[in-house]
Amino acid sequence: MKNDIGKIDRNLEVKKNIDVSDCVFYDVKNPSFRIYGLCDLNNGFRRLPQEIAKAGGEKIERLSAQTAGGRVRFSTDSEYIAIRCVMPYITRFSHMQLMGTSGFDMYIFENGKSRHINSFMPSSGIEDGYSSVYHFGGRKKREIIINFPPYNPVQELCIGVEENAEISAGSEYTYKLPVVYYGSSITQGACASRPGNTYTALISHEYDCDYINLGFSGAPMGNEPIVDYISELDMSAFVYDFDYNAPSMDYLQETHAQIFNKIREKQPELPIIIMSAADAPVLKNIEKKRDIAFKTYSDARSGGDENVYFIDGKKLYEGPFSESCRVDGVHPTDAGFFRMADIVGKQIISILMRG
């Protein structure tokens, strides 16, 4: 017997059909929309230019096509918003919700902040994309932000509105220069329950700052092409969270300061936040890795660098219910991401407000 709980409890049902007859769909690459956190839009959406991703190795090439940190921003007076997406494959994990890997989150931007209003949820049987719609219950002009999936590639995304609705690109971010994050699967978004609950997205929605997510699951090895690319980016701050996936302690020792110094050489005044790995009982050498990351920071400060900051990963989940901050002993739950967003976000906004 097939267990379809949605037929028993309609509050758990995922609607598979768009119940509107006057819907007009627009490709988000249309000038009426602003796309953030993604590039190389000629063939789907990517977080890195194709040639850079390929030079970074097979893992980076594949992961950079997963749209972590991607957003589309626009304004419309439509009574509803629909989406229609095409995906070349669907990512499924045993320890992460399908909504978290492959869903879209919608926010309304008002009074300087973003407020979550709906999640466009994929059905459990999704194969190559899906359609969904949300009704506001009334018509007025709204500014919309939609977060892309952290762990799925998106080949095509179209936004549907009423046939006679106005639609335009809307406002830009308050802090236009992006914060750039370089790190591991946690940076990419594992294991948030939905795209807007990754710590990078939470910070962006709270402070209305643009960002670029260069988190790559199991693959941030400090590859020279990737570091060179990052060093040339125009950004407001750089969050450097590199120590999780280093293949060995010797490798981390050799490369951590080297990567920092290369970026610092190219951008002498750039605020750089060095973050060590969050405390995780199942990971080895956490303290030794923290010491390496901290030495990069302390050496820079001793050398007169006043634009470098350190966040001790051991403190990210401290406090009541800290054991509820991880899914599998490593990756954060939403509770873990909320705590990360609070600590990292306060450091970032203090930097952004200083200009």
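Colleague: How many residues does the largest nonpolar core have, and which have the most contacts inside it?

Modeller: In soluble globular proteins, nonpolar side chains tend to be buried together. A nonpolar core is a set of buried Ala, Val, Leu, Ile, Met, Phe, Trp, Tyr and Cys residues joined through side-chain atoms within 4.5 Å. Buried means under 20% relative accessible area, exposed over 50%, and partly exposed in between, with a 1.4 Å probe and protein chains only. Here the largest core has 33 residues. Those with the most contacts inside it are Tyr182, Leu214, Phe238, Tyr240 and Ile274. Apart from it lies another core, of 31 residues, including Ile203, Ala277, Ile286 and Met340.

Colleague: What sort of model is this, and how are residues numbered?

Modeller: This is a predicted model: local features need pLDDT of at least 70, side-chain atom pairs count only at pLDDT 80 or more, and totals for chains, interfaces and linings use all residues. Residues are numbered from 1 along each chain as its sequence is written, and side-chain values use heavy atoms, with hydrogens and water left out.

Colleague: Which residues is tyrosine 240 in contact with?

Modeller: Contact means heavy atoms within 4.5 Å. Neighbours within four places in sequence are left aside. Tyrosine 240 is then in contact with Tyr182, Thr255, His256, Ile259, Phe260, Ile272, Ile273, Ile274 and Met275.

Colleague: At what angle do α6 and α7 pack?

Modeller: Helices (H or I, at least four residues) and strands (E, at least two) are DSSP runs, numbered from the N terminus. Axes are lines fitted to C-alpha atoms, for helices over the stretch in contact, and angles run from 0 to 180 degrees between N-to-C directions. Helix α6 (residues 224-231) packs on helix α7 (residues 249-266) at about 30°, with their axes 9 Å apart. From α6, the contact uses Glu224, Val227, Asp228, Ile230 and Ser231. From α7 come Ile259, Lys262, Ile263 and Lys266.

Colleague: Which residues of α6 are buried, and what covers them?

Modeller: An α-helix has 3.6 residues a turn, so residues three or four places apart point the same way. In α6, Ile226, Val227, Tyr229, Ile230 and Ser231 are buried. Their cover includes α1, α2 (58-63), β11 (175-183), β12 (209-215), β13 (237-240) and α7.

Colleague: Is arginine 264 buried or exposed?

Modeller: Arginine 264 lies in helix α7. It counts as buried because its relative accessibility is 12%. Beyond four places in sequence, arginine 264 is in contact with Glu269, Leu270, Ile272, Asp305, Asn307 and Val308.

Colleague: Where is phenylalanine 310, and what does it touch?

Modeller: Phenylalanine 310 is in strand β15 (residues 308-311). At 17% relative accessibility, it counts as buried. Not counting residues up to four places away, phenylalanine 310 touches Ile274, Ser276, Arg290, Ala293, Phe294 and Tyr297.

Colleague: Where is leucine 41 found?

Modeller: Leucine 41 is in the loop between β2 (34-36) and α1 (50-55). Its relative accessible area is 27%, so it is partly exposed. Leucine 41 touches Lys29 and Ile35, not counting residues up to four places away in sequence.

Colleague: How many disulfides does the structure hold?

Modeller: A disulfide is a covalent bond between the sulfur atoms of two cysteines. The cut-off is a pair of cysteine sulfur atoms within 2.5 Å. The structure holds zero. For cysteine 23, the nearest cysteine sulfur, that of cysteine 158, is 9.9 Å away.

Colleague: Why is cysteine 39 too far for a bond?

Modeller: Its closest cysteine sulfur, in cysteine 209, is 19 Å away, so the pair is too far for a bond. Cysteine 39 is partly exposed, at 21% relative accessible area.
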